[in-house]
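Open the model in your viewer and switch to a cartoon view. This tour moves from one selection to the next and says what to find at each stop.

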Amino acid sequence: MNHSLVFVIAPSACLPQGEASWDDLQTAQRQGPSGAFALRLFTAAGAAADELAQLPWEGSLAPQSSGPPRRLICDAVVPQFDPRSNAIGVYQHNAEAGSYRFVDRFPLTEASNETCWFYPTHDGSFLSWERALSVGLEPGVVAAEAQAQSPTDYDRGQLKLLWSLLADDLSLTCVGLTYGGQRIEWARAHSHPEPMATWSLFTVDTQADVALTVEASQTVFHNA
């Protein structure tokens, strides 16, 4: 099974060719995406727009003393891959040599695309929390629990960019990559949050002409 593939996203000129060390791949990856956003979604039955300003900057919700519980249904960090500026390099781990062999390189804009739904697909009221981050990413690998399902032989067509509408975005946002239908993970070497976050209250009604409606949004600030 070909679970030793490593993926690097950076400007094309920064991607090493031939044999490369792990340090080489890390150095290249550091030239790639440096921004991201953290996103959490909660069920929010009974939530009111006027309580958004009182919600915490760090994105946690304490259990309510009354009313239905507010359940966390999504907790994700989405790097800003910026396909127009970056390419992807694919490398095969050579365990005997302790190095990584160059396999492929191409602009992200040439990758296959798939759409996905990042927000709830069932009706109801929800709270979202979003905070910007500056990040340093490690090279990407297929998620450990999915490596057994990875294709045996490398196939460029198996690399896909995932795009989704987020909240009231007017255009799709790139929210990740998959290989052979399996999620690629990009561990964070470091991350630094911005001192502000945005809470939003939105509703989903799949029978309405506009399925998702943002009822209110509020920016909250870190109290140092």
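This is a predicted model: local features need pLDDT of at least 70, side-chain atom pairs count only at pLDDT 80 or more; totals for chains, interfaces and linings use all residues.

**Stop 1**

β5 covers residues 87-94 and β6 covers residues 99-107. They run antiparallel and are joined by eight bridges.

**Stop 1: the five-stranded sheet**

Move to the other open sheet. Reading across, the order is β7-β10-β11-β12-β9, and the pairing is mixed. β7 (112-115) and β9 (141-142) stand at the edges. Each has a single partner strand, so one side of each is left without a neighbour in the sheet.

Where is the parallel pairing? Look at β7 and β10, which run parallel and are joined by four bridges. Pick E114 and find L162 opposite, in β10.

Step on to β11. β10 (residues 159-164) and β11 run antiparallel, with six bridges between them. Select K160: its bridge partner in β11 is T178. Stay on T178 and turn to β12, where its bridge partner is R183. β11 and β12 pair in the antiparallel sense over two bridges.

Follow the chain from β11 into β12. The two strands form a hairpin with two residues between them. Stop at G180 in the turn, which has a positive phi of about 60°.

Now show the surface. How much of β11 is buried? Six of its seven residues are, so β11 is largely enclosed by the rest of the structure.

**Stop 3**

Select L159 in strand β10. L159 is buried, with a relative accessible area of 1%. Show its contacts beyond four places in sequence. They include F7, I88, V90 and F106. Y154, T178, Y179 and I184 are also among them. Then draw a distance from the C-alpha of L159 to that of G180: the two atoms are separated by 6.6 Å, though the residues are 21 apart along the chain.

Go to Q182 in strand β12 (residues 182-185). Is Q182 buried or exposed? Its relative accessible area is 18%, so it counts as buried under the 20% cut-off. Leaving out residues up to four places away in sequence, Q182 touches V142, A146, Q149 and L177.

**Stop 2: the largest pocket**

Finish at the largest pocket, with a volume of about 370 Å³. Of the 20 residues that line this pocket, select the closest to its centre: V77, P79, V175, R183 and I184. Then colour the strands that contribute. β4 (72-79), β11 (173-179) and β12 each supply at least two lining residues.

Last, colour the lining by class. It has 15 nonpolar, two polar and three charged residues.

Definitions and conventions
Residues are numbered from 1 along each chain as its sequence is written. Side-chain values use heavy atoms; hydrogens and water are left out. Buried means under 20% relative accessible area, exposed over 50%, partly exposed in between (1.4 Å probe, protein chains only). Contact means heavy atoms within 4.5 Å. On a 1 Å grid over the protein atoms alone, a cavity is a set of points where a 1.4 Å probe fits but cannot get out, and a pocket is an open set with protein on both sides within 12 Å along at least five of seven lines; lining residues have an atom within 4 Å of a point. Grid points are joined across faces, edges and corners, and a volume is the space filled by probe spheres set on the points. Ala, Val, Leu, Ile, Met, Phe, Trp, Tyr, Cys and Pro count as nonpolar, Asp, Glu, Lys and Arg as charged, and the others, Gly among them, as polar. Two strands pair if DSSP finds at least two bridges between them.
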